[in-house]
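Please look at the sequence and the model before reading on.

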Amino acid sequence: MTEKLVIIGNGMAPGRMLEHLLEKAPGQYEVTIFNAEPRVNYDRIMLSPVLSGEKDYEQIIIHGDGWYIKHGITLYKGHRIIAIDRDARTVTSDHGVTESYDKLVIATGSVPFIIPVPGNNLPGVITYRDLDDVQAMLLAAQSREKAIVIGGGLLGLEAAAGLAGRGMDVTVLHVMPTLMDRQLDPAAGYLLQKELEGRGIKILCKANTKAIVGNGRVEGIELDDGRIIPATLVVMAVGIRPSVGLAKEAGLAVNRGIVVDHGMQTSDGSILALGECAEVGGMVYGLVAPLYEMARVAASHLAGERSAAFVHSDTPTKLKVTGIELFSLGDFADGDDREEIVLRDASAGVYKRLVLKDNRIIGTVLYGETADGAWFNDLKKKATDISQMRETLIFGQAYQGGAPLDPMAAVAALPDDAEICGCNGVCKGRIVSTITDKGLTSLDDVRAHTKASASCGSCTGLVEQLMTLTLGDSYNPAAVQPMCGCTDLGHDDVRRLIKAKGLKTIPAVMQELEWKTSCGCAKCRPALNYYLVCDWPDEYADDYQSRFINERVHANIQKDGTYSVVPRMWGGVTNAGELRAIADVVDKFEIPLVKVTGGQRIDLLGIEKEDLPAVWADLGKAGFISGQAYAKGLRTVKTCVGSDWCRFGTQDSTGLGIRIEKFMWGSWTPAKLKLAVSGCPRNCAEATCKDIGVICVDSGFEIHFAGAAGLDIKGTEVLGLVKTEDEALEHIVALTQMYREQARYLERIYKWAKRIGLEEIRRQIMGDEAKRKAFYGRFVFSQKFAQVDPWSERVSGKDKHEFRPMATIGYTQAAE
Amino acid sequence: MDMNWIAIGNIADIPLRGARCVKTPQGKIAVFRTAENEVFAIEDHCPHKGGPLSQGIVHAKAVTCPLHNWVISLETGKALGADLGAVKTVPLRNEDGALFIALESLMMAAE
């Protein structure tokens with residue numbers, strides 16, 4: 001059952017929380033958001049670039065209106081919540097909307113601190129907090145008059161730089177002796193001041209505001225020492241205060257911020273708080289990284305994962321003023337137990353200071369050159385003992401010997417002879433040296449040259465890490481993987497464009513999508529052939545020359561060039577007549593091996609290619625058709641004996657399995673598709689590790705999907721419970737069609753499901769009857785063209801050339 | 001030395017972007033027909049693990065082996081891309097669609 005989640009506030013923290021929550025527990029909550037601002041969620045960190053004109057509002061939107069619609073979230077824009085009734089579990093907005101909740105999240109953020117001096121409410125005094133403030137500043141800047149920014153911290157300096165860039169004459173007033181005193185030491189603060197002054201910004205430190213003066217609107221500021229500085233715009237940027245009024249009135253525990261535990265829980269079990277308004281472990285936060293961490297934790301708790309806990313970590317500070325490089329992290333106060341390493345380069349305007357305690361970095365200030373910030377941050381976070389590199393530490397990572405210490409340290413630390421690819425027996429040293437020697441830059445290249453990750457692909461992550469280690473930033477695994485070397489497009493783009501452009505032949509796809517080769521390759525041609533078969537079942541002429549040999553000759557090629565043959569045994573059920581026919585075929589063609597398969601079939605191995613049509617002819621006479629054991633298509637439906645025989649069986653699992661197999665045989669799918677039906681939860685047909693499985697229960701049929709028991713082992717996920725056999729068939733068929741239409745070629749159902757999300761699949765198949773019926777309809781239509789037994793076709797003479805040599809040259813002929 | 005040209009059939013016997021094989025006393029020869037209607041003959045035996053190249057997917061002037069995806073040039077018989085190895089090419093003549101291969105080496109072997 002869905003619960004009601006109400007969120008007060010629509011800033012970056014709750015926005016991120018929702019992203020996590022939609023991923024972790026899609027559909028668990030019906031979400032309603034009240035936003036006091038009349039707009040969607042945007043990136044407040046980017047307000048300074050908007051002020052300076054480097055970006056505009058549209059570019060900093062995180063979630064557009066479409067996102068809320070897509071996720072079924074109700075967003076009340078411009079609604080300020082004025083009351084929380086904890087007994088009734090409701091909230092009420094200033095427009096009179098009352099909404100009830102099961103869970104409430106308070107994310108009211110913070111309000112700018114307004115210094116308590118006379119005149120602080122005059123028109124022309126603004127704060128720097130949201131887009132409205134930025135717009136007010138932009139308007140004021142058009143006058144090109146004088147502006148004062150009170151506060152020489154991060155926000156104040158960004159505002160000052162922005163206003164100066166817009167042509168205003170700007171003065172910064174700061175009460176402390178140096179700028180950004182909470183993030184920078186005096187030396188760096190001094191360099192920063194010089195830089196800003198060089199840009200025409202006046203800086204007054206140790207400046208205490210006594211009053212804001214003006215008649216009807218701002219005319220200037222009077223300082224403690226009596227000086228009066230004229231201005232038509234005053235921006236207050238002296239800090240923020242958690243916005244806790246609402247929580248306080250509701251009777252929640254409030255200190256500096258709304259008090260929450262490490263799971264973001266307030267003193268009311270139904271109410272969470274996060275973001276700048278929350279106080280956790282006695283701290284309130286204003287930088288985005290810890291707020292995002294809170295978002296992650298809150299989402300986990302809402303999704304029922306109680307173990308998630310917020311952990312404090314220092315966050316580096318960076319000033320977003322173009323051309324100023326500044327990095328600050330941790331604790332850099334002087335102290336008896338501390339040492340420091342300082343590097344100054346006056347001509348280059350560089351200042352670096354590391355504060356050490358017990359040979360570990362505890363604080364960092366970098367000015368003018370900040371590239372090593374992340375590295376110092378990492379050393380600090382890991383509390384790395386730096387005594388070995390102390391002499392060169394300040395010069396940065398590039399000056400250190402040995403492998404770089406980064407998040408991939410584990411891979412970096414592996415010895416050269418460590419095996420990376422078990423399938424192909426490729427070790428680390430070989431991969432690294434091949435990358436370097438041959439100048440490889442893509443995963444495909446590494447696969448081609450070393451064979452690592454070229455088989456099962458389960459070591460792909462490791463190989464990519466090695467590539468990142470070896471190539472550094474020039475390797476970007478996040479980029480879309482092209483289908484193959486013939487195109488820059490990935491599978492998803494190709495599938496989309498085939499539909500969008502109505503491409504119905506392989507040459508049309510290659511022409512319209514600008515293939516780089518004339519005729520494709522053995523990777524893209526089978527994929528394209530499948531996509532076209534799937535998308536245009538009635539119009540596309542299957543291109544057998546673009547199919548792998550197994551599908552081209554409807555048998556499985558073996559290592560010695562012979563083939564194996566698996567006749568279809570519906571649901572794994574056979575009889576004396578069929579077995580006799582198989583025995584006769586084995587004798588007649590001297591078939592060397594007969595083997596029972598895992599899918600409840602009989603496999604005849606070691607058949608010469610030329611004999612295939614004759615073998616099929618004999619099998620066909622006994623009623624057999626192809627078992628398609630070679631196909632990227634429906635393979636087998638495995639069953640148990642069910643209620644007909646078994647004392648535990650709840651439904652006719654054998655009958656259902658046969659029915660499904662008779663309905664679905666012949667269909668092509670992105671990768672092989674194996675099903676099973678078990679008659680009771682004892683699960684003798686092993687349905688819970690199949691691509692699609694059914695567990696029969698008294699009340700109906702539990703449909704499972706996305707299992708794996710091959711390279712990966714994975715139990716299935718439950719799609720849902722249906723009451724009748726008819727419904728079970730409809731749901732299974734619809735799911736298969738959805739997979740057929742959306743997956744990438746050779747992508748098994750569990751990988752596809754993981755990629756697009758289980759909940760999305762459930763929503764479309766279980767929750768949306770119209771969609772389900774449409775999928776079902778398209779599958780049924782496609783089957784009209786697919787359900788032709790390929791064996792009997794070939795017995796009747798189709799593709800004769802495949803099974804006969806073109807010519808046979810004898811000794812005499814050759815010797816003539 | 002005169003080539004011993006042996007008729008093996010017509011180009012139309014081979015599907016476009018396909019192959020047929022010719023059985024000889026020394027093993028199978030794969031005869032390919034590309035999308036551009038060119039014809040090539042090479043040993044039907046991949047240099048990697050002996051896979052039947054005639055069963056592979058034909059693209060441009062190359063074939064991908066059905067067993068482990070080595071790509072072999074039909075012109076030179078050499079493995080393309082990162083793999084190293086080669087198969088023998090067999091001389092082939094195309095007279096208005098009538099195909100002949102030369103079995104000089106086979107003849108010598110048989111003598």
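Chain B has a mean pLDDT of 89, and 91% of its residues reach 70 or more; pLDDT is the predictor's confidence in each residue, from 0 to 100. This is a predicted model, in which local features need pLDDT of at least 70, side-chain atom pairs count only at pLDDT 80 or more, and totals for chains, interfaces and linings use all residues. Residues are numbered from 1 along each chain as its sequence is written, while chains are lettered from A and ligands numbered from 1 in the order in which they are written.

**Confidence**
- The model scores ipTM 0.90 and pTM 0.54.
- Helices (H or I, at least four residues) and strands (E, at least two) are DSSP runs, numbered from the N terminus.
- Where pLDDT is low, the predicted coordinates should not be read in detail.

**Helix α22 of chain A**
- Ile749(A), Tyr750(A) and Ala753(A) are buried in α22(A), residues 749-756 (buried: 20 or more other C-beta atoms within 10 Å of the residue's own, C-beta atoms being placed from the backbone).
- These residues lie on the same side of α22(A), because they cover an arc of only 100° around the axis (the arc of the directions from the helix axis to the C-beta atoms).
- Gly757(A), with a positive phi near 100°, follows α22(A).

**A sheet in chain A**
- Three strands form an open antiparallel sheet in the order β15-β16-β17 (strands pair if DSSP finds at least two bridges between them).
- β15 (209-213) and β17 (228-230) of chain A are the edge strands, each pairing on one side only.
- β16(A), residues 220-223, pairs with β17(A) over three bridges. Ile221(A) has Ile229(A) in β17(A) as its bridge partner.

Conventions
A residue is buried if 20 or more other C-beta atoms lie within 10 Å of its own, exposed if 12 or fewer, and partly exposed in between; C-beta atoms are placed from the backbone.
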